[in-house]
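Please look over the sequence and the model below.

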Amino acid sequence: MNCIVIYDIVEDKIRNKIADVCLDFGLERIQYSAFFGELSHNQKETLFKKIKRLIGEEPGNIQIYPVCEKDLALKLEYIVEKDEK
C-alpha cells in the first residue's frame, strides 16, 4: 500500500535518524519531514515501531497515512526547483 509518513520532532538528532529509517524502508522524501512510498502492512507496523522507539519519551508526532490508488490518481502537485547558480 502507498503511505505518507509525516512527523514533527523537536530534537535534530532524532529527526535525522527517523529520516534515515524512512529512506532505509525505500520511502521518497517529498518534504523535509514527509515521506511517501510503498509499504506492506508488516513494513508499516515495523516502521512505526522503530520510529516510536527512536522518539521514546521526547516530544514528537509521527503519523502514517495509507493512500489508495484512487486517491493517489487525484493528486495535485506543483514543484519549482531552486536554480543552482
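Two strands count as paired if DSSP finds at least two bridges between them. In this predicted model, strand 1 (residues 2-9) meets that rule with strand 4 (residues 60-67): they pair in the antiparallel sense over eight bridges. Strand 1 is also joined to strand 3 (residues 34-38) by five bridges, again antiparallel. The table gives one bridge partner from each pairing.

| Residue in strand 1 | Partner | Partner strand | Bridges between the strands |
|---|---|---|---|
| Cys3 | Pro66 | strand 4 | eight bridges |

**Ring contacts**

How many aromatic pairs are there? The count is one. Tyr7 and Phe35 form this pair, with ring centres 6.3 Å apart and 15 degrees between the planes. The pair counts as stacked because planes under 30 degrees apart fall in that class. Tyr7 lies in strand 1 and Phe35 in strand 3, 28 residues apart, so the pair links distant parts of the chain. Both Tyr7 and Phe35 are buried. A charge also meets a ring: Arg29 lies over the face of Tyr32, at 5.2 Å from the ring centre.

**The largest pocket**

The largest pocket has a volume of about 320 Å³. Strand 2 (28-31) and helix 3 (69-73) are the elements that each give two or more residues to its lining. Strand 2 provides the largest share, three residues. In total, 13 residues line the pocket. Nearest its centre lie Ile30, Phe36, Lys75, Leu76 and Glu77. By class, the lining has eight nonpolar, one polar and four charged residues.

Notes:
Residues numbered from 1 in each chain as written. Predicted model: local features only at pLDDT ≥ 70, side-chain atom pairs only at ≥ 80, totals over all residues. Heavy atoms only, no water. 1 Å grid on protein atoms, 1.4 Å probe; cavity = no way out; pocket = protein on both sides within 12 Å on 5 of 7 lines; lining within 4 Å. Points joined across faces, edges and corners; volume = space filled by probe spheres on them. Helix = DSSP H or I, 4+ residues; strand = E, 2+ residues; numbered from the N terminus. Nonpolar A, V, L, I, M, F, W, Y, C, P; charged D, E, K, R; others polar. Phe/Tyr/Trp six-rings, centres within 6.5 Å; stacked < 30°, edge-to-face > 60°. Buried < 20%, exposed > 50% of the residue type's maximum accessible area, 1.4 Å probe, protein only. Lys NZ or Arg CZ within 6 Å of the ring centre and 35° of its normal.
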